[in-house]
Amino acid sequence: MATATVTAGSAPAPAIRAPVDHISTRRVIAFLAMVFGMFMAILDIQIVSASLAEIQAGLSASSDEIPWVQTAYLIAEVVMIPLSGFLSRMLSTRVLFTISAAGFTAASALAATATNIDQMIVYRAVQGFIGGGMIPSVFAAAFTIFPPSRRAIVSPMIGLVATLAPTIGPTVGGYISHAMSWHWLFLVNVVPGILVTTAAWSLIDFDKPNLKLFSKFDWWGLAGMAAFLGCMEYVLEEGPNNDWLQDQAVFICAIIMTFGAVLFFWRVFTAEEPIVDLRAFSNVNFAFGSLFSFVVGIGLYGLTYLYPVFLGRIRGYDSMMIGEALFVSGLAMFFTAPISGILSNKMDPRIMMMIGFFGFATGTWWMTHLTADWDFYELLIPQILRGCSMMLCMVPINNIALGTLPPERLKNASGLFNLTRNLGGAVGLAVINTVLIDRNAFHYARLSEHVQWGSAAAQQKLQNMTLNFEQTAGLDASKAAISKLSGMVQQQASLLSFMDVFFMLTVLFATLGLFTLVIRKPVAQGGGGGH
């Protein structure tokens, strides 16, 4: 327990008022404004994913350049999220959140005015870095100003936003870019951003700044963290599609990442005021909560990626059609959130998490039976299971991880907690992409062995297809039939690779569901302080 006293650091902790049962209307409005700001910041991770083709055409960008519209945002955000804890203690929640909301809004407006891909990448990086400060601030504020009696309302709210925003991002982006233009993907942030900025500056009064921390700011620690996390995000994003270390840029970033990690961890354990205080992991509940958050990130971002890729690659859907097919998960999350809040007061959080993890595993197992004909109705049950299970997991995970930490640790811990979810998503996407590519090649090779001249079934199929194409004027029937048969083999190989990924996720979440049985029952949440 000695670590609890060390964490206060050599600098005095800023004055943070302990939660009381009565919460003023001013603070409730301030918190709701913060939640909306967090929603915008998380939504913007995925809102462009379904509209990259439109942005690419509008900026005359190459296919190699356009992924950076998303990658630049992710790299910048993943650096800011853990840094925000220190900045919040130094500047206060009010100042940091106001600057973050204002900067995010300005960068959104600039992104809409971009005329080339270089400008867009810079504006997206600024948007991700500054906006990233809003996300952990909301989690810290929720467990600082609200008493345990209000957790059944507050925790589902922030859990819903953290999971719903990336889930509906492609859907919202698809609708906006089809109804108006890709510029409005960014312009929609401007008016709400101004309102959030104004509300944050006027209403937030949760804590006081500690400007003495500026003289102890660990610049070397920041450099190491930026190199470590930024390059790791790049390696995980680009590695699967570029044969990992065989690509020169990925190899160089992997080296920089290694040196950055050494510098970062050295400064974490030696600096007087480290950029990130890892001693929050000495709290067993927080350590387990962060582990579960990491795996939830794999499921959250992994399936947000997998479903659209399946529908686009196998079914040939555009962004609007994908959005219409996948909105069910968001609805399921929305309706499950209040139920999760009620259950969190009445049920052992370990049981809630177990139900959520097994529900998620059931949904991914269902997807291991998919075919090329699967559409909205076939995807309905897996999507409902995904949405409901995600909310049943998130609420107890939030409470376990942050609910028993003392107030002076909440800000740093909130940054780390949110970082684990984002890193889980990055690692999950890298593994998913790698498995898709490798298993696709494996299945194509195996299927091709059975589609050869020596195969009677293959020759019969080819003859039938050739006869069908002979009835179409202007086609070389033989070549068309061979091309069509090759496409069918490729489609089946791709389907089998998707089934492999869904099976892998099923095993992961089923194992985690069993793992909840061996952890100790968390101590009942106190007031966020003193424990």
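**Reading aromatic pairs in a predicted model**

F288 and F292 sit four residues apart in helix α13 (residues 284-313), about one turn of the helix.

Q: Before we look at rings, what kind of model is this?
A: A predicted one: local features need pLDDT of at least 70, side-chain atom pairs count only at pLDDT 80 or more, and totals for chains, interfaces and linings use all residues. Residues are numbered from 1 along each chain as its sequence is written, and side-chain values use heavy atoms, with hydrogens and water left out.

Q: What counts as a helix?
A: A DSSP run of H or I, at least four residues, numbered from the N terminus.

Q: Is F292 buried or exposed?
A: Buried means under 20% relative accessible area, exposed over 50%, partly exposed in between (1.4 Å probe, protein chains only). F292 has 1%, so it's buried, while F288 is partly exposed at 26%.

Q: Which cluster do they belong to?
A: Ring pairs link F288, F292, F357, F360, F509 and F515.

Q: Where does a charged end sit over the ring of W201?
A: The test is NZ of Lys or CZ of Arg within 6 Å of the ring centre and within 35 degrees of the ring normal. Here the charged end of R94 is 3.7 Å from the centre of the W201 ring.

Conventions: Helices (H or I, at least four residues) and strands (E, at least two) are DSSP runs, numbered from the N terminus. Rings of Phe, Tyr and Trp (its six-membered ring) pair if their centres lie within 6.5 Å; planes under 30 degrees apart count as stacked, over 60 as edge-to-face and the rest as tilted.
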